[in-house]
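Q: I have a model open and want to learn how to read its features. Can we go through them one by one?

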Amino acid sequence: LMLPIMLGASISQLSLLLDSIIASFLPLDGSVSWLWYADRLMEFPLGIFSIAIATVILPNLASHFASNDGERFTETLDWALRLVLLLGMPAALGLFLLAGPMVSTLFQHAAFTARDVSMTAWALGAYAFGFLGFSFVKILIPGFYARQQTGTPLRLGMIAFGIGMVLSISITLILLHLDFVAPHAGIAASTATAAWINAALLFLRLRRDGAYRPAAGWPRYLLQIGIASLAMSLFLIVMAGPLASWTEAPALNRILRLAGLVGGGALIYLTVLVACGLR
C-alpha cells in the first residue's frame, strides 16, 4: 500500500519542478521566483486548514471502514468537505483579491521591487483560482486511503497531471504570442485547473463506488457561504485600493492596512454567515 502513496505524494512536487522548468524558458527574468513566492503564499493556508482537516479525518475514516459503518464514513467525509469549504472560500477570495497587498507587505523590500510585486500578484491570483481544488483533493484522497485503495488516487492524479502539463505549455505559448504582460501566470492557472480536474475525478469515483453520499442541506449551505463571500469580497474590493497605494507606502503602513483588511473581511464573513442562519 505504501508505494502508490509515495508516488502519489510526489506528483505535486513533480508538477512544481516542471512548472519551474517551463518558467525558466520565459523571456522575463524572475519568472521562476515569482511563481515560487506565489506558491508559498498559496500553500500557507492550504497547510493550516486543508491538510490539517485531512489529517484528522483519515484515522476516523479507516475506523469506520474497518467496522463496516458506511453511514459514519460518508458523514465524516461530508463534514470535512463542508468545513474545508467554509474555511477555504474566504481564503481563496482573500488570496485573489489581496494578492498585491499581501505580496507587497510580505516581500517588498531590498531587491524585491514594485514590478516584482505586480508579477508575483499575477501568479498568486491564478493559484488562488485552484485553492479550493487543491483543498478538496487533500480531503478526498483519505477516502481512498482509508479503504486501502492507494492506487486509485495515483492513477487519477497522473491523469490530472498530464492534462495540467499540456495546458501549461499550450497556454504559456499562447500568452507569449499575445505579448501578455505576465505569461508565467498561465503556468499557475494551468496548475490550478489541474487541481480542479483531480478533485472532480476523485469526487466522481467516490460517488460511483458509493463511498460518499452528500448529506441533505448542501444547496442552502452553498447559498449561505455564497452570500457571506460576496459581502466580504465587496468590502475587500472597496477598501484595498489600487496596487500603487501599497507599493509606494511605508512598510508599517502596509502591515496595518493588511491586518485591518484581513480582520475586517473575516468579521464580515462570519457576521453574515450567522445572519444567514449558519450555526
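The dialogue below takes up the model's basis, then core, rings, open space and backbone.

Q: What kind of model is this, and what does it take for local features to count?
A: This is a predicted model: local features need pLDDT of at least 70, side-chain atom pairs count only at pLDDT 80 or more, and totals for chains, interfaces and linings use all residues. Residues are numbered from 1 along each chain as its sequence is written, and side-chain values use heavy atoms, with hydrogens and water left out.

Q: Which residues touch the most other members of the largest nonpolar core?
A: Start with the term. A nonpolar core is a set of buried Ala, Val, Leu, Ile, Met, Phe, Trp, Tyr and Cys residues joined through side-chain atoms within 4.5 Å. Buried means under 20% relative accessible area, exposed over 50%, and partly exposed in between (1.4 Å probe, protein chains only). Here the largest core has 67 residues. Leu77, Leu124, Phe136 and Ile139 touch the most other members.

Q: What is Phe136 in contact with?
A: Contact means heavy atoms within 4.5 Å. Leave aside neighbours within four places in sequence, and Phe136 is in contact with Leu81, Val84, Leu85, Trp196 and Ala199.

Q: How many aromatic pairs are there?
A: A pair of aromatic rings is described by the distance of the centres and the angle of the planes. Rings of Phe, Tyr and Trp (its six-membered ring) pair if their centres lie within 6.5 Å; planes under 30 degrees apart count as stacked, over 60 as edge-to-face and the rest as tilted. This structure holds 8 such pairs. Take Trp122 and Phe180: the centres are 5.2 Å apart and the planes are at 80°, so the pair is edge-to-face.

Q: Where do Trp122 and Phe180 lie?
A: Helices (H or I, at least four residues) are DSSP runs, numbered from the N terminus. Trp122 lies in helix H5 (residues 114-129), and Phe180 in the loop between helix H7 (151-177) and helix H8 (184-209), so the pair ties together parts that are 58 residues apart in sequence. Trp122 is partly exposed, with a relative accessible area of 37%. Phe180 is partly exposed too, with a value of 30%.

Q: How do the rings of Phe203 and Tyr212 pair?
A: Their centres are 5.8 Å apart and their planes at 65°, so this pair is edge-to-face. Phe203 is partly exposed, at 29% relative accessible area. Tyr212 counts as buried, at 1%. Elsewhere, ring pairs link Trp36, Tyr37, Phe107 and Phe112 into a cluster.

Q: What sits over the ring of Trp218?
A: A charge sits over a ring if NZ of Lys or CZ of Arg is within 6 Å of the ring centre and within 35 degrees of the ring normal. The charged end of Arg82 sits over the Trp218 ring, 4.8 Å from its centre. Arg82 also lies over the face of Tyr221, at 5.3 Å from the ring centre.

Q: How much space lies in the largest pocket?
A: Rolling a probe the size of a water molecule over the atoms shows where empty space is left. On a 1 Å grid over the protein atoms alone, a cavity is a set of points where a 1.4 Å probe fits but cannot get out, and a pocket is an open set with protein on both sides within 12 Å along at least five of seven lines; lining residues have an atom within 4 Å of a point. Grid points are joined across faces, edges and corners, and a volume is the space filled by probe spheres set on the points. The largest pocket holds about 960 Å³. It is lined by 40 residues, and Gly8, Ala9, Ser12, Val137 and Lys138 are the closest to its centre. Helix H1 (2-24), helix H2 (31-66), helix H6 (131-145), H7 and H8 each supply at least two residues of that lining.

Q: Which residues line the largest cavity?
A: A search of the whole structure finds 1 cavity of 30 Å³ or more. The largest cavity has about 40 Å³ of space. Leu16, Asp19, Ser20, Val32, Leu35, Trp36 and Tyr127 line this cavity. H1 and H2 each supply at least two of the lining residues.

Q: Where is phi positive in Asn68's part of the chain, and is Asn68 buried or exposed?
A: Most residues other than glycine have a negative phi. Phi of Asn68 is near 60°, a positive value. Asn68 is found in the loop between H2 and helix H3 (70-97), and counts as exposed at 71% relative accessibility.

Q: What is the phi of Ala110?
A: Ala110 has a positive phi of about 55° although it is not a glycine. Ala110 lies in the loop between helix H4 (99-107) and H5. Ala110 is exposed, with a relative accessible area of 80%.
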